[in-house]
Amino acid sequence: MSYERHGGGYGGGGRRRRRDDYDHYEHRREVQESPDQKLKAAIIKFGEVDAEQEIPQLATKLRSQEQSSIPAIAEGFRLAVTEQPYKIPFYAALLYYLSIPPDREDPAAGEENGSASAAKPPLGRLILDDFWKGFQAYLDKLAWRETRLCIHFFAHLTVTNLISPQSMLGLLQSFTAVLDEFGVSDGRAKRAARCAAEGLMRAGQVLKVHSAATVIEMIASVQVYNDSVKTAKWLVHPLAHLHAPETPAEHADEMLDCAVSALKTLDLSDFTDVSGIFPQPYAAMSTSTVVPFDLPSVLVPPEVIGLEVLSTESSEDAPIKKEEWPEYMLRLFDNDVTADPKTPAGYAVRADLVDILEIFEVNRKECARVLVEYPKWAVNGTFKPRPGDPGEGPDRIPLPGRDWQLESTLIETILGAQFLLPESPIKPIYYAALITELCKLSPQTVGPAVGKSIRKLYAHCANGLDADVLRRFAEWFSVHMSNFGFQWVWKEWVPDLALPAQHPKRVFMHRALELEIRLSYYDRVLKTLPQQFQEPSAGAMPDQAPGPTYDYEDPSTPHYDAAQSVLNQLRSRTKPEDVLVHLDTVKNSLAELADVNEDLDTLIRSISIQSLLHIGARSFSHFLNAVERYLIVLRSLTGSPEAKEHVLELVANFWKRSHQMVGIVFDKLMQYQIVEPADVVSWVFAHSAGGLDWDLLRGAIDKANGRVLVARRRVVTLRKEDDDAHARAKANANGGVADATAMEVDPETMHDPQVTQEEDSPQLVLALKAYAAVTREQKSTLARVLESFVHALHSSSDAARRVIVAGAWDGHASWGDEEWIAWRTWMWYKHFCRVYSPYLRSFVTTLTTVSFASVDTCTDDAAVLLITIWRMATGQE
């Protein structure tokens, strides 16, 4: 019998027709663009074929518009400049073309319309007037990237004489003035310095002719600020050595360092090389005398003082200000292969690529296309031509100091951004997905660059690569392998299986393969490895697939019957109260047995927790249902710190073949307050003999910090509701008229959510108490972490002292497991201090007094380094 339906009715054919009709209807309902939208689209799409050839055509179209369209045209320029920074020189050329009166382009038109042209300013001037208003809005919002890109645009216009040099100098001076502000934050100063430096790079030749002293003074101001943040640079260098107080100069470049170096190089030549660094398409246009535009004077607005953490829209990671730290980009290739950011041309390329990465975060496919086409917008000769390109041939003369490989530069820049410390500016998965798109777009050229980058990073593992960078490298490697069939030349790394198990290369391999198994399955990954990696003795792959380990699976196991009785109670979804009664019965039965030599409470806890985990092992939803159903039972089993530690131990043993599940179960136990974050911290350090488990430690810290932020947002919301209610009540008491005092809010209580007022609502009072409680828990957790690090690195480990003495790194090739574990623990302490710096600074006095009491008077190398890293991270040095 056939169940196929070829006609209408309720079969698939009818459904497809309705869908087709719907699509046709939607097609007919397409929204038509307004004339202003079409103008903006034309400006944004400008240059996709040939920018220089399109300038006259687009200029004619824009000049044909009415006066009322100028705001839309200016907005199109603003969007284009801030979202397509690689086109900025060409937009400057377009505006320059629009600023030349039409009668000077076409003499015949001048005779006909001469009087009309003289009566109104050129279109370019009107657009620039409106563009400035948008720039002022960016500045008022402290939208730093948009502000900096607008300054690029103004700098190019200064070269064309559309903007007066004097006013451009004044604009740049307003940013260098930020560097002299009292107590200026590093994030604000760094971004202001880049605005001034990048503006000078593009317009320096014109500006230095106008006022050489002012240009030299601004360069000196940027350099003085940059020299003042050397301690922070040591803390975030991806290849820092613990034994050396100075920041290593190789394998990584800091963005502001590079900007200063490039700026000084240009200054030495009086900026004569600018035309060979930044495209200047306007230079080929016919010169015309135009009246320069004087940029109005501006002041950079002050920062909003730390209330962003009080916003109800804040995310859990809101207080971590990544922009406060120096930006070290990891280098993987030599300067003749990829753009050297310490040179003016290299810095221009790197800065452009980093901006493109951030702007196109919302569309990785478009980002990949733009990156591959980037040479189109750079100066000719910046990159090697691809095979088959018009410029490729045996008679090609490479441009000195450039001629870089595009694909290697792209991958190095993407990975450099992904491995920024303490955290990447965008979620790491974006960079992984972008590299995948690049490989799909141009597999023959990007694939080899990715392979070379992996090998370079792997080599850095043994050269002091930061522990968190190594962790992120393993995560990216596993994701990338999963996108391309897990194909890698593992044979290259077979000799490294002879290294100590805790050597960074071995740690990377083990971590990468563990993540590959998560992304696929055990047998699939095992088949991709050579035989040497498959051997259990190699320690690269686990001997079994991930799964639970239930101690009472075998009937011959002691107490099997008791465990089965508890398991049956849980399987039958017995009420929690009845389960507690049954546990007491089992306990009494076991007490009567003569062969029970262990503590009965411990035994009952082991049976109960393992049975609950066994019930929930089928899936994540099974586990959550079991935990939620038997919360009462779990809380009765964890009445003491020792009991909580035992529960964590039982979970770790049950899921010892699945580290991911250990983290998930720990997280849920903290979420339901079966254990506290401080309990997890203690457990992690108590089981750190084989290396500190950063994933579990980070989960505990994030849980404590997240609770505070959630509680604080609730307090702020309730406080606002209370203030509004009080203001309405006072207004009603005045006959519906709100006087000035009725709407006043005490700024002290508004900024401090812990302050209780006399008329607070019961809900707000409870929220304040909850906030105070989780704040105490947060402080306790951070203190526990610090105390544990101090104990691990100073009191309990001789290896931790040996690896940091002068000359110790010279012999790191002969280190064993103990030394590598100690070295990695130092790295995690360093990372903890920098990544949680905003939280640590809130309790700096208390934490310094409590956590460092045991080393406060010590002068040995370990104590000094512990305190030095702490003081650097908390802004005391």
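Okay, let's start with the cysteines: the sulfur of Cys150 sits 9.8 Å from the closest cysteine sulfur, that of Cys195, so that's too far for a bond. A disulfide here needs a pair of cysteine sulfur atoms within 2.5 Å, and by that rule we get 0 disulfides. Cys150 is buried, at 0% relative accessibility, and Cys439 is buried too, with a relative accessible area of 6%; buried means under 20% relative accessible area, with a 1.4 Å probe and protein chains only.

Quick caveats. This is a predicted model, where local features need pLDDT of at least 70 and side-chain atom pairs count only at pLDDT 80 or more, while totals for chains, interfaces and linings use all residues. Residues are numbered from 1 along each chain as its sequence is written, and side-chain values use heavy atoms, leaving out hydrogens and water.

Now helix H14, residues 255–268; helices are DSSP runs of H or I, at least four residues, and strands are runs of E, at least two, numbered from the N terminus. Its buried residues include Met255, Cys258 and Leu266. What do the buried residues of H14 pack against? Helices H11 (186–210), H12 (212–227) and H15 (344–359), plus strands S1 (252–254) and S2 (328–330), where contact means heavy atoms within 4.5 Å. At the start of H14, a side-chain oxygen of Glu254 comes within 2.9 Å of the backbone nitrogen of Leu256. After H14 comes Asp270, with a positive phi near 55°.

Terms used: Buried means under 20% relative accessible area, exposed over 50%, partly exposed in between (1.4 Å probe, protein chains only). The expected span of a helix is 1.5 Å times one less than its number of residues. A polar contact is a pair of N or O atoms within 3.5 Å; within protein, one must be able to donate a hydrogen and the other to accept it, and residues adjacent in sequence count only if both atoms are side-chain atoms.
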